[in-house]
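Subject: Structure handover

Hello,

Here is the structure I said I would pass on. My notes follow below it.

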Amino acid sequence: MPVIVGLHNPEPAYSGTRHNVGAEVIAVLGQRSETRLRRGPRRVRCQVARVRIGTKPALVAVPSVSMNVSGPTVRALLSYYKLAPEDLLVIHDDIDLPFGRLRLRSGHGHGGHNGVRSIVGSLGTADFWRLKLGLGRPPRRMDPADYVLGRFSAEEREEMDHLVADAADVVERFMTDPERAMELAGGRRP
């Protein structure tokens, strides 16, 4: 059973920010399967739900801790459900990917993303799947941390809503055909 984790910062002040798009994809998957996230087991600091994506069962989760320290929580989630890193798909934002693009891949480094860095450090491996949602680079000399913790403009928000839905489509395809999902996540939205 795969586990799909959407990264975010759970504090209300960060709701709707660029950094929280991973959790937005999980929310769409939950809506599509008519399932609500619930508090996970005591040792697992996540909101979790068992869902059916097509005919396949999966576990979706959103850590209840800040993104930059999500590694121990993801490790506890895998341990509790007796899953391996290869069963993990992490969904997160990426400022090195152009705005409005998706990329699905397995392995590779953390790419400077502190949430992914924490997960790699806690699991002791980078051999897990990642679905990245492109935010593009910060404008001018803006601090990348301020950029990802900022909110979208109205135009960006509309495009990001489409991208979040596309990302949920990619996750659904990933469940049955990872190769085709990688093809879908390689291009720009039409």
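By class, the lining of the largest pocket has six nonpolar residues (Ala, Val, Leu, Ile, Met, Phe, Trp, Tyr, Cys and Pro), six charged ones (Asp, Glu, Lys and Arg) and ten polar ones (the others, Gly among them). This is a predicted model, in which local features need pLDDT of at least 70 and side-chain atom pairs count only at pLDDT 80 or more, while totals for chains, interfaces and linings use all residues. Residues are numbered from 1 along each chain as its sequence is written, and side-chain values use heavy atoms, with hydrogens and water left out.

The volume of that pocket is about 430 Å³. Its lining counts 22 residues, and H19, G112, H113, N114 and V148 are the closest to the centre. A pocket here is an open set of points on a 1 Å grid over the protein atoms alone, where a 1.4 Å probe fits, with protein on both sides within 12 Å along at least five of seven lines; lining residues have an atom within 4 Å of a point.

There are three aromatic pairs (Phe, Tyr or Trp rings, the six-membered one for Trp, with centres within 6.5 Å; stacked under 30 degrees between planes, edge-to-face over 60, tilted for the rest). Y80 and Y81 are edge-to-face, because their planes are at 75 degrees, with the centres 4.9 Å apart. F99 and F152 are also edge-to-face, at 6.4 Å and 70 degrees.

F152 is buried, at 11% relative accessible area, and F99 is partly exposed, at 23% (buried is under 20%, exposed over 50%, partly exposed in between; 1.4 Å probe, protein chains only).

Regards

Notes
Points joined across faces, edges and corners; volume = space filled by probe spheres on them.
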